[in-house]
Amino acid sequence: MIVPIKYENEQLLIIDQTRLPLETVWLTLETKESVWEAIRLLQVRGAPAIGVAAGFGAYISVRDSKAEDSATFLSELKDVCEYLNSSRPTAVNLSWALKRMLAVGEANKDKSPAEIKAILREEAIAIRAEDEASCKSLGEYGLSLLKPGMGLLTHCNAGALATARYGTALSPMILGQERGYNFKVFADETRPLLQGARLTAWELFHAGVDVTLICDNMASIVMKNGWVDAVLVGCDRMAANGDGANKIGTSGVAILAKEYGIPFYMFVPSSTIDLNTPTGKDIPIEQRDSSEITSLWYKKDMAPIGVKTYNPAFDVTDAKYITAVVTEKGIAYPPYTESLPALLAK
């Protein structure tokens with residue numbers, strides 16, 4: 001099974017997801033700049049995986065600090081966390097993990113820098129372990145909504161590559177494969193960065209899942225043909241009212257599923273639920289470089305040079321289109337303003 005982030009021999013290692021599926025290349029991240037760049041360039045991506053990388057990134061960035069007192073050390077840690085948090089704005093796990101690392105540091109301000117460093121290391125390890133356990137639980141809850149032989153559709157990549165292990169929306173597919181459910185999965189290619197084609201299809205194919213790759217604009221006909229019994233997607237930030245931000249194109253899939261009477265399940269680790277963000281309108285949406293649309297995947301430019309582009313990395317699926325929210329603590333149903341806080345309180 002894929003384990004995309006490792007901390008071994010005091011080194012932070014990640015699979016460079018920009019090189020998949022043709023090459024499996026491991027990168028060693030040793031500085032705050034290398035962690036920032038890995039997150040920004042999508043070498044590590046997916047809300048949970050970003051959170052795990054941020055936790056270790058905060059630790060390795062201050063691991064060699066020469067600060068002689070805790071106040072100076074914690075000031076350095078705060079600066080590092082602010083810097084890493086600037087890499088990407090939408091996925092809440094980034095800020096969540098960094099706030100957690102800073103909080104545990106400040107809670108031990110009476111200790112020496114060396115002691116705080118050891119505590120930060122253990123906290124980063126804990127964040128990763130908790131995410132792995134969370135994803136396994138997500139898979140079990142997800143399977144409870146599905147039946148053997150179902151046709152499933154997914155968008156972007158919410159597999160092991162986006163987490164510490166197992167994945168979120170792909171977790172029930174992987175567990176189902178192990179248990180003989182024989183799901184038939186349709187994976188949207190997910191333009192413009194093709195995470196569905198490069199990553200999801202790669203993961204499921206190598207796990208032995210019956211996966212069919214389709215272009216994003218083929219989702220409607222696949223649903224109309226009666227080949228899809230449920231849609232499973234991940235989430236990068238869920239607002240308090242149940243609106244969920246996920247990879248661009250997700251909201252269109254949700255609208256189609258509603259039209260065809262297909263349940264739409266969003267898989268959301270509790271760390272991705274942001275009760276401080278009232279609605280989806282309050283979620284910042286990352287804008288990315290125009291080259292991702294015009295030239296990145298082509299030998300020649302595929303658009304007029306200088307043409308205006310609009311390239312948001314995410315869109316927001318309104319809560320009314322989400323049949324249920326699957327978390328590691330259980331399944332939430334509308335109204336989400338009531339069910340989400342109740343789940344988080346567990």
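**Close-ups of a predicted model**

**View 1. What lines the largest pocket.** The residues around the largest pocket split into eight nonpolar, seven polar and seven charged. That makes a lining of 22 residues, with Asn-93, Trp-96, Ser-270, Ser-271 and Ile-273 lying nearest the centre of the pocket. Its volume comes out at about 390 Å³. As this is a predicted model, the lining is counted over all residues.

**View 2. Where the pocket lining comes from.** Helix 4 puts in the largest share, six residues. At least two lining residues each also come from helix 2 (47-62), helix 5 (113-143) and strand 11 (273-274).

**View 3. Arg-88 meets Glu-286.** Here the two side chains pair up in a salt bridge, 2.8 Å from N to O. Arg-88 sits in the loop between helix 3 (70-85) and helix 4, and Glu-286 in the loop between strand 11 and helix 10 (291-294), so this pair ties together parts 198 residues apart in sequence.

View 4. Glu-292 joins in through a salt bridge to Arg-288 at 2.8 Å, N to O. Arg-288 counts as buried at 15% relative accessibility, as does Glu-292 at 8%. Together with Arg-40 and Arg-88, these residues form a linked network of salt bridges; the structure holds 14 salt bridges.

**View 5. Ser-34 in helix 1.** Ser-34 belongs to helix 1 (residues 32-40). A polar atom of the Ser-34 side chain lies 2.8 Å from the backbone oxygen of Thr-31. With a relative accessible area of 19%, Ser-34 is buried, because the cut-off is under 20%.

Terms used. Residues are numbered from 1 along each chain as its sequence is written. This is a predicted model: local features need pLDDT of at least 70, side-chain atom pairs count only at pLDDT 80 or more; totals for chains, interfaces and linings use all residues. Side-chain values use heavy atoms; hydrogens and water are left out. On a 1 Å grid over the protein atoms alone, a cavity is a set of points where a 1.4 Å probe fits but cannot get out, and a pocket is an open set with protein on both sides within 12 Å along at least five of seven lines; lining residues have an atom within 4 Å of a point. Grid points are joined across faces, edges and corners, and a volume is the space filled by probe spheres set on the points. Helices (H or I, at least four residues) and strands (E, at least two) are DSSP runs, numbered from the N terminus. Ala, Val, Leu, Ile, Met, Phe, Trp, Tyr, Cys and Pro count as nonpolar, Asp, Glu, Lys and Arg as charged, and the others, Gly among them, as polar. Buried means under 20% relative accessible area, exposed over 50%, partly exposed in between (1.4 Å probe, protein chains only). A polar contact is a pair of N or O atoms within 3.5 Å; within protein, one must be able to donate a hydrogen and the other to accept it, and residues adjacent in sequence count only if both atoms are side-chain atoms. A salt bridge is a side-chain nitrogen of Lys or Arg within 4 Å of a carboxyl oxygen of Asp or Glu.
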